[in-house]
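Here are my notes on the model, as numbered points.

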Amino acid sequence: MDISNFYDPQIKIVGSGRRENFQWDYRRIPTPYFHLYWNDTPGGSITWHGNNIELNSSFAILIPPFTVFSESSHKSFNHNYIQFTAEAPFDLVYPAPKIMELNQEDLREFQKLKDLFCNPEPQPRQFLQVKYLVCHTLLKLEESDFLSHTALSPEIAAVMKMIAANIEKPLSNAALAKAVNLSLSTLTRHFRNEVGQSLHSYVLFMKIRAAMPLLKSSGQSIDQIAATLGFADRYHFTRVFKQYTASTPARFREV
């Protein structure tokens, strides 16, 4: 078996760490990356579509990109988190929190992560443990957790491919509708029904996701990245980036 023929989903760690005696009060957060949370003490909760999930050490929770959720707490708690991006097929995980029940082996692995986070000196083992837990969690996803291209209409699948292939160009809903021979109202209605998000929001989400590695490693200025991704200017880019990540591009680059 030639491993060079395997598909690499390009998993990239955006951030990770531990916060002790932490409190939440964040409303309606949509972000372009995955969140993997494990709270080893109770006190924090996630709210999604009116459902409140009280976090504790018996399970981890995976929040896929573009999930609109809120975080709150009724007392201080200890919070371990990993933020990451992943390419296909994980770009089509349905945007809803996934509760991952932990067996004894899983708990030991999250405990190892906690112990590594408590060490003030970064270690190679910390990065490896973070990457291991991300891969281990993604492998627990089931087929029903995905928005499979095979489950999408040909027109919506084609639009998603066009967006991905032309992310550095200005993309209007009207132009996308024309490309697949649908009226604008039909395309926007079907896209929301099949993908779970508006077409305009999905385009912006994909642009912000493309911006994140550019901010971290390209060396381009924020103005250049804004122009590259088809934003009107730096200020438009900053406003949209903050909407999706709760951070400015400049701050994200520094972290």
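1. Contact here means heavy atoms within 4.5 Å. On that basis, 74% of the contacts in the protein with a separation of 6 or more are made by residues 24 or more positions apart. Please keep in mind throughout that this is a predicted model.

2. Overall make-up. The protein has nine helices and nine strands. Its radius of gyration is 19 Å, close to the 18 Å that the globule rule gives for 255 residues, so the protein is as compact as a globular protein of that length. Along the principal axes, the C-alpha atoms fill a box of roughly 55 × 50 × 40 Å. Of the 255 residues, 46% are buried.

3. Largest nonpolar core. In soluble globular proteins, nonpolar side chains tend to be buried together. In this model the largest nonpolar core holds 38 residues, and Ile163 and Phe237 have the most contacts inside it. The elements that supply two or more residues to this core are α3 (154-165), α4 (173-179), α5 (184-195), α6 (199-217), α7 (222-228) and α8 (234-245). The biggest share comes from α6, which gives the most, eleven residues.

4. Phe237 and the second core. Which residues does phenylalanine 237 contact, leaving aside its neighbours within four places in sequence? They are Ile208, Ala211, Leu215, Ile222, Ile225, Ala226, Phe231 and Pro249. There is also a second, separate core of 21 residues, with Phe84, Met100, Phe117 and Val134 among them.

5. The pair α3 and α5. The axes of these two helices come within 10 Å and cross at roughly 90°. Because angles of 65 to 115 degrees count as roughly perpendicular, α3 is described as roughly perpendicular to α5. On the α3 side the contact is made by Ile156, Val159 and Met160, and on the α5 side by Leu187, His190, Phe191, Glu194 and Val195. Six of the residues in this contact are nonpolar, one is polar and one is charged.

6. Phe231. This residue is found in the loop between α7 and α8. Is phenylalanine 231 buried or exposed? Its relative accessibility is 7%, so phenylalanine 231 counts as buried. Lysine 169 is 62 residues away along the chain, and its C-alpha atom is separated from that of phenylalanine 231 by 9.0 Å.

7. Phe66. Phenylalanine 66 also sits in a loop, the one between β6 (59-63) and β7 (69-73). It is buried, with a relative accessible area of 6%. With residues up to four places away in sequence left out, phenylalanine 66 touches Thr31, Pro95, Gln197, Ser201, Tyr202, Phe205 and Tyr244. The C-alpha atoms of phenylalanine 66 and proline 32 are separated by 5.7 Å, although the two are 34 residues apart along the chain.

8. Phe110. Where is phenylalanine 110 found? It belongs to helix α1 (residues 104-118). Its relative accessibility is 4%, and phenylalanine 110 is therefore classed as buried, the cut-off being under 20%. Phenylalanine 110 and asparagine 39 are 71 residues apart in sequence, yet 9.8 Å apart in space from C-alpha to C-alpha.

9. Positive phi values to check. Asparagine 21 is not a glycine but has a positive phi of about 50°. This asparagine is part of strand β1 (residues 12-22) and is exposed, with a relative accessible area of 63%. Histidine 49, another residue other than glycine, has a positive phi near 50°. Histidine 49 lies in the loop between β4 (44-48) and β5 (51-54). At 64% relative accessibility, histidine 49 counts as exposed, because the cut-off for that class is over 50%.

Conventions
Residues numbered from 1 in each chain as written. Predicted model: local features only at pLDDT ≥ 70, side-chain atom pairs only at ≥ 80, totals over all residues. Heavy atoms only, no water. Core = buried A, V, L, I, M, F, W, Y, C linked by side-chain atoms within 4.5 Å. Buried < 20%, exposed > 50% of the residue type's maximum accessible area, 1.4 Å probe, protein only. Helix = DSSP H or I, 4+ residues; strand = E, 2+ residues; numbered from the N terminus. Axes fitted to C-alpha atoms, helices over the stretch in contact; angles between N-to-C directions. Parallel < 35°, antiparallel > 145°, perpendicular 65-115°, else oblique. Nonpolar A, V, L, I, M, F, W, Y, C, P; charged D, E, K, R; others polar. Rg over C-alpha atoms; globule rule 2.2 N^0.38 Å.
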